[in-house]
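This briefing is meant to be read alongside the sequence and the three-dimensional structure. Please keep both in view while working through the points grouped by topic.

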Amino acid sequence: MHRRTLLRLPALGALAAAGASLTACGEDPPVAENDAPPPGSPGSPGRPEAVRTAYGADPSQFGELHLPAGTPRGVVVVIHGGFWRAAYDHTLGTPLAASLAAAGWAAWNLEYRRVGDGVGGGGGAPATFDDVAAGIDALADLDVDTSVVVTLGHSAGGHLAAWAAARQRHDWPARVGVTHVVSQAGVLDLRAAASSDLGGGAATALLGHEPTADDARYDPAQQLPLDVPLWCVHGVDDAIVPLSQSADYVATAIAAGARAELVEVEGDHFVVIDPESAAWARTLDVLDTIA
């Protein structure tokens, strides 16, 4: 097993406090920023800077590539959450991308158009999906080996990570295929999400209508079985996206003959994106089994 380096973020107390204040709204917290890069993060000695590359003309169509010091073990596409809303952006994924690079992975921290007005707006179906598909395919034009491509997403990003592995079934281009999926507290069943009013109607806002059986092209729960292995990492005390979203998805996937695993961890909705947490260490363990 490869040795792992977990980032030490001095401001995680502020992150936890922000998460607690936003939990009541069903939204993801902002990622705390530090004045100086932690050891092993982009910009620190021995590590290259993360490089931003556009994959389209919209300001939200870009990714930031974090590279390890040596040859990458593979590529992890980091897809942030925030219930697909414009209020939340790629900075939610930055600490994870830096931690992944420190662990030997090339991490492509992907931004995309989200639902709402202002910076990051203009998304929803199909624009958000178009962007994730195009953002993953943009890896073909970067100097990285795409033989192992893992999509890793939190919350709404977990939905997009699982969706991306089956996008070619619904006529989205797939120059770069997804080989593995890690969903972190993912919203994997849009109909169940709407029925439970997760995120205050977030799934309905994403599609522009109540999710139905006619929305299989957008709904991971209706795309099973996947052709690639998938892990669902989910906090047992998650009050924002219930554990049932992952547990039911994995049970259905296994029954359909797919390779899927539920990884239950202690903690809430945000513990899985805390690079100092045991939940993140479990996620890195999953990635160790891939490469």
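Of the 291 residues of the protein chain, 57% count as buried in this model, which is a predicted one. The chain has eight helices and eight strands, and it exposes about 11200 Å², of which carbon and sulfur atoms supply 51%. Among the contacts with a separation of 6 or more, 74% are accounted for by residues 24 or more positions apart.

- Strand β5, made of residues 149-154, is mostly covered, since six of its six residues are buried.
- The cover extends to both faces of β5, with V149, T151 and G153 buried on one side and V150, L152 and H154 buried on the other.
- Strand β5 pairs with β3 in the parallel sense over five bridges, and in β5 it is V149 that V75 stands opposite.
- Strand β5 is also joined by five bridges to β6, residues 180-184, and these two strands run parallel; here T151 stands opposite V181 in β6.
- Together with α4, the strands β5 and β6 make a β-α-β unit that is right-handed.

**Nonpolar cores**

- As a general background, nonpolar side chains in soluble globular proteins tend to be buried together.
- The largest nonpolar core has 55 residues, and those with the most contacts inside it are V77, W84, W108, V132, L139 and V181.
- Elements that give two or more residues to this core include the strands β3 (75-79), β4 and β7 (230-235), as well as the helices α3, α4 (156-164), α5 (190-195), α6 (202-207) and α7 (244-255).
- The largest share of this core comes from α4, which supplies six residues.
- V181, leaving aside its neighbours within four places in sequence, is in contact with T151, A161, A162, A165, L226, V228, P229, L230 and W231.
- A second, separate core has 25 residues, and it includes V76, V150, W231 and I273.

- Y112 is placed in the loop between β4 (106-110) and α3 (127-137).
- A polar atom of the side chain of Y112 lies 2.7 Å from the backbone oxygen of H80.
- Y112 and D58 are 54 residues apart along the chain, and their C-alpha atoms are separated by 9.0 Å.

- T289 lies in helix α8, which spans residues 278-290.
- T289 counts as exposed because its relative accessible area is 57%, which is over the 50% cut-off for that class.
- The side chain of T289 reaches the backbone oxygen of V286 at a distance of 2.5 Å.

**Points to locate in the structure**

Note on methods. Residues numbered from 1 in each chain as written. Predicted model: local features only at pLDDT ≥ 70, side-chain atom pairs only at ≥ 80, totals over all residues. Heavy atoms only, no water. Helix = DSSP H or I, 4+ residues; strand = E, 2+ residues; numbered from the N terminus. Polar contact = N/O pair within 3.5 Å; in protein donor to acceptor, adjacent residues only side chain to side chain. Buried < 20%, exposed > 50% of the residue type's maximum accessible area, 1.4 Å probe, protein only. Core = buried A, V, L, I, M, F, W, Y, C linked by side-chain atoms within 4.5 Å. Contact = heavy atoms within 4.5 Å. Pairing = 2+ DSSP bridges. Right-handed = clockwise from strand over helix to strand, strands pointing away. Areas by Shrake-Rupley, 256 points an atom, 1.4 Å probe, with all protein chains shown as cover.
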